[in-house]
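Have the structure open while you read.

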Amino acid sequence: MSVFPWLEAPEAEFAVIGDPVAHSLSPWMQSAALRALGLPHRYVAIHVPPSDLIAAMDRLLALGYQGINVTVPHKTGVLDWIQDAEPYVRQVGACNTIRMEDRYGWNTDAPGFLQVLEELAIGNDAPILMLGAGGSTRALLPALVGRGHPIRLWNRTAARARELVDELGVDVEILDHPVAGDALAVVNTTSASLQGESLRVEWQSARLAIDLAYRARIEVGRVVAEPTPFLGEAATAGLTGIDGRSLLAAQGALSLSHWLGMPVDPAPMRHALGLP
C-alpha cells in the first residue's frame, strides 16, 4: 500500500493520517468495505508530522476529502482543528474520526472496543486489567467504567496513571505491578508489543488477553498476522489472545457509517484483515 506525504496527497474521499502510518491496515480494510458496498471511493494513508497537522488538515479539506481517520500521535492535536464533536470526544480529549464538510469529530475507539467485548461475551461486571496510560487508555477508560467494569490500571510510571485517572474523573484501582488478580481480561494499550518488549504480567485468573496493537503484513493479496510478544506470553500462560485487528474492524465500520450516513457491516473488513 502506498503512503503519501501530506503535500502530495492525491484526490480521494477518505484517508487515515498519522506519524508513522505506513503500518496501518486501514486502507486495505476500508477499501474492501467500499468495494463490498459497490462504491468507487478511494481510501489512502497520508503521513503527517505533528508540526504540519493543521496545515495538512486544511489541505485535505481543500482537496475535497469527505472523511479522515486519525491515528497516533494526532488524536489530541486534531481537537484544535475540528469545530464540533460528540460529547465523548470532549470528555476524553481524543478524536479519531472526522467528517470534513463540517469538521465534526467522533471517537470510535470506545464504542468499537465495547463491541469487541460484547462479541467475546464479556459481561458488564467483568474485572479488567488495563496496561498503559496513554491515548488509547484515555479513550477507553470512561466507556469501560461507564459499562460497569471494575478496572485495575498499571503503567510503568504510576504517577502518570494517577494523573490520567484524576483528569478523567474515573474510579479505578492503580497498581504498582501488572498483576491480573481477579481480572477476567488483560488489555494491553502500551507500545511494548511494537517494540518487542515484555511487560512481565502476572496472569493469575485471567482467561483473555487483548492487545490493541497487531503484527500483520500483506502478502500475495492477503493479511498475514503473527502474535505480538504480549499475546505470545499470554498464550504460553494458557490465555486466549485477541490482537488489535478486531478493534480496527469495529471502529472502522463505525467511522465509515458516520461518513456515509448509513449502517456499515464490518464483515468485509474482518474478512480483509484475515479475521473470522
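This is a predicted model: local features need pLDDT of at least 70, side-chain atom pairs count only at pLDDT 80 or more; totals for chains, interfaces and linings use all residues.

**Helices against helices**

Let's start with helix H4, residues 109-119. Its buried residues are Asp 109, Ala 110, Gly 112, Phe 113, Leu 114, Val 116 and Leu 117. What covers them? The cover includes helix H3 (87-92), strand S8 (128-131), H5, strand S11 (185-188), strand S12 (208-211) and H9.

The axes of H4 and H5 come within 8 Å and cross at roughly 50 degrees. Angles from 65 to 115 degrees would count as roughly perpendicular and those under 35 as roughly parallel, so H4 ends up oblique to H5. On the H4 side, the contact uses Asp 109, Ala 110, Phe 113, Leu 114, Leu 117 and Glu 118, while H5 brings Ala 139, Leu 140, Ala 143, Leu 144 and Arg 147. Sorted by class, that contact has eight nonpolar, no polar and three charged residues.

H5 also packs on helix H6 (residues 158-168). Thr 137, Arg 138, Leu 141 and Pro 142 in H5 meet Arg 160, Leu 164, Glu 167 and Leu 168 in H6. The classes here come to four nonpolar, one polar and three charged residues.

Then there's helix H1 (residues 26-36), which packs with helix H9 (residues 245-260). From H1, the residues involved are Ser 26, Met 29, Gln 30, Ala 33 and Leu 34; from H9, they are Leu 248, Ala 249, Gly 252, Ser 255, Leu 256 and Trp 259. This contact divides into seven nonpolar, four polar and no charged residues.

| Helix pair | Angle | Axes |
|---|---|---|
| H1 and H9 | about 55 degrees | 11 Å apart |
| H5 and H6 | about 50 degrees | 11 Å apart |
| H4 and H5 | roughly 50 degrees | within 8 Å |

As for handedness, H1 passes H9 in a right-handed crossing, the crossing of H5 and H6 is right-handed, and so is that of H4 and H5.

**Buried residues worth a click**

His 149 sits in the loop between helix H5 (135-147) and strand S9 (151-154). Is it buried or exposed? With a relative accessible area of 3%, His 149 is buried, since buried means under 20%. Its side chain makes a polar contact of 2.6 Å with the side chain of Arg 147. Beyond its neighbours within four places in sequence, His 149 is in contact with Leu 117, Ile 122, Gly 123, Asn 124, Asp 125, Ala 126, Ile 128 and Leu 144.

Asn 96 is another loop residue, placed between H3 and strand S6 (97-99). Asn 96 is buried as well, with a relative accessible area of 3%. What does its side chain pair up with? A polar atom of the Asn 96 side chain lies 2.8 Å from the backbone nitrogen of Thr 108, and there is a 3.4 Å polar contact with the side chain of Gln 251. Leaving out residues up to four places away in sequence, Asn 96 touches a list of residues including Ile 68, Asn 69, Val 70, Lys 75 and Trp 106.

Ala 192 belongs to helix H7 (residues 192-195) and counts as buried at 1% relative accessibility. Apart from its neighbours within four places in sequence, Ala 192 is in contact with Arg 156, Glu 197 and Leu 199.

Two prolines follow cis peptide bonds. The bond from Asp 19 to Pro 20 is cis, with omega near 10 degrees, and Pro 20 is in the loop between strand S2 (14-18) and H1. The bond joining Val 72 and Pro 73 is also cis, with omega about 5 degrees; Pro 73 is in the loop between strand S4 (67-70) and strand S5 (84-85).

Gln 204 is another, with phi near 50 degrees. Gln 204 is in the loop between H7 and S12 and counts as exposed at 52% relative accessibility.

Notes. Residues are numbered from 1 along each chain as its sequence is written. Side-chain values use heavy atoms; hydrogens and water are left out. Helices (H or I, at least four residues) and strands (E, at least two) are DSSP runs, numbered from the N terminus. Buried means under 20% relative accessible area, exposed over 50%, partly exposed in between (1.4 Å probe, protein chains only). A polar contact is a pair of N or O atoms within 3.5 Å; within protein, one must be able to donate a hydrogen and the other to accept it, and residues adjacent in sequence count only if both atoms are side-chain atoms. Contact means heavy atoms within 4.5 Å. Axes are lines fitted to C-alpha atoms, for helices over the stretch in contact, and angles run from 0 to 180 degrees between N-to-C directions. A crossing is left-handed if the near helix is turned anticlockwise from the far one by less than a right angle, and right-handed if clockwise. Ala, Val, Leu, Ile, Met, Phe, Trp, Tyr, Cys and Pro count as nonpolar, Asp, Glu, Lys and Arg as charged, and the others, Gly among them, as polar. Angles under 35 degrees count as roughly parallel, over 145 as roughly antiparallel, 65 to 115 as roughly perpendicular and the rest as oblique.
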